[in-house]
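Let's work through some exercises together. Have a look at the model below, then try each task before you read its solution.

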Amino acid sequence: MTTTTLANDLDIRGLGKRYASTQAKGGSLQVLQAIDLHIPSGQFVSIVGASGCGKSTLLRLILGLDADYEGQILLDGAPITGTGRERGIVFQDHRLFPWLSVEQNIAVGLRNAPFTQDQKRDLVRQHVALVGLEGFERSFPHQISGGMAQRVAIARGLVNRPRVLLLDEPFGALDALTRSRLQGELQRIWQKERITMLLVTHDVEEAVFLGDQVVVMQPYPGRIRRIVPVELPHPRNRSDPAFIRIRDDVLSDFFDASAVGPSETVPTKPGFSPRGSAVQLAW
Ligand SMILES: Nc1ncnc2c1ncn2[C@@H]1O[C@H](COP(=O)(O)OP(=O)(O)O)[C@@H](O)[C@H]1O
Ligand SMILES: [Mg+2]
């Protein structure tokens with residue numbers, strides 16, 4: 001693995017984060033510890049880990065919502081400062097404004113962008129098409145499905161042409177069919193746009209289906225347990241034995257008691273194997 005930073009690479013070095021806590025020893029809770037992550041420009045990185053291991057905190061720091069951390073977050077070799085157009089985010093709940101139409105909600109992503117009105121209109125049109133929502137431009141959030149609302153959120157995250165898109169469990173609230181359709185869509189968009197994507201997910205199969213590398217985190221404090229490279233060509237076939245082998249390898253981390261918290265021990269019985277068990281863990 002190279003340690004040099006190339007154009008648009010995202011480099012996270014020795015990242016640590018504490019929150020003030022009256023209950024924790026020393027008055028603060030160590031949420032992230034010694035996170036080192038090198039993400040080449042254009043890579044798709046999946047992050048999986050038990051609830052509370054700091055995944056959302058990590059994305060918040062990369063987004064620039066909180067500058068109180070140890071270590072470095074470098075984009076294109078320069079430390080990030082605050083939020084910026086080059087970093088977009090999509091959350092689990094779509095966070096659309098109910099009183100704005102689909103196109104107006106997407107245009108919200110362009111509020112502070114240095115484009116003319118015509119350019120903004122064009123960008124919104126392109127991104128409506130990118131997520132397959134032509135014909136729904138004037139619809140309001142209550143008139144579209146959960147999957148479509150999440151497409152709007154993805155378009156809003158991309159409309160500013162960010163270099164990095166952060167996705168925090170974007171499909172977590174969707175039914176299985178919609179989820180798998182949107183995974184395919186996200187992959188198509190990623191291949192077309194060639195931007196760096198960081199996806200936090202509870203779904204190990206989703207992580208392996210989409211990721212060039214799968215970062216497995218563990219809690220107390222949140223840190224990287226290991227990084228699993230997924231060197232299979234895209235789009236991936238979920239029934240390919242090589243895919244299943246990697247998926248089961250990542251899953252096995254969650255059947256090891258040290259990877260989960262004290263109250264989250266996974267029930268096992270002698271001879272139990274995660275192979276063939278549900279791949280979406282109910283953390
Ligand atoms: N603003 C905050 N103040 C104090 N503690 C927080 C705050 N945000 C998150 N935490 C704590 O940090 C830990 C990690 O949270 P989070 O990043 O949301 O984890 P994850 O996304 O992996 O579930 C949790 O123990 C959570 O309670
Ligand atoms: Mg979270």
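**Exercise 1: the ligand shell**

The shell around ligand 1 divides into four nonpolar residues, six polar and one charged. Here Ala, Val, Leu, Ile, Met, Phe, Trp, Tyr, Cys and Pro count as nonpolar, Asp, Glu, Lys and Arg as charged, and the others, Gly among them, as polar. A note before we go on: this is a predicted model, in which local features need pLDDT of at least 70 and side-chain atom pairs count only at pLDDT 80 or more, while totals for chains, interfaces and linings use all residues. Residues are numbered from 1 along each chain as its sequence is written, and chains are lettered from A and ligands numbered from 1 in the order in which they are written.

Task: Which residues are around ligand 1, and which element gives the largest share of the shell?

Step 1. List the residues whose C-beta atom, placed from the backbone, lies within 6 Å of the ligand. They are Tyr19, Leu29, Val31, Gly49, Ser51, Gly52, Cys53, Gly54, Lys55, Ser56 and Thr57.

Step 2. Look for elements, meaning DSSP runs numbered from the N terminus: helices (H or I, at least four residues) and strands (E, at least two). Those that give two or more residues are β2 (28–39) and α1 (55–63). The largest share, three residues, comes from α1.

**Exercise 2: the open sheet**

Task: Which strands stand at the edges of the six-stranded sheet?

Step 1. Write down the order, β6-β7-β8-β3-β9-β10, with mixed pairing. Two strands pair if DSSP finds at least two bridges between them.

Step 2. β6 and β10 (223–229) each have a single partner strand, so these two stand at the edges.

Step 3. Check the pairs at the ends. β6 (residues 87–90) and β7 (residues 164–168) pair in the parallel sense over four bridges, with Val90 opposite Leu167. β9 (residues 213–218) and β10 run antiparallel, joined by six bridges; Met217 has Ile224 as its bridge partner in β10.

Technical notes: A residue is buried if 20 or more other C-beta atoms lie within 10 Å of its own, exposed if 12 or fewer, and partly exposed in between; C-beta atoms are placed from the backbone.
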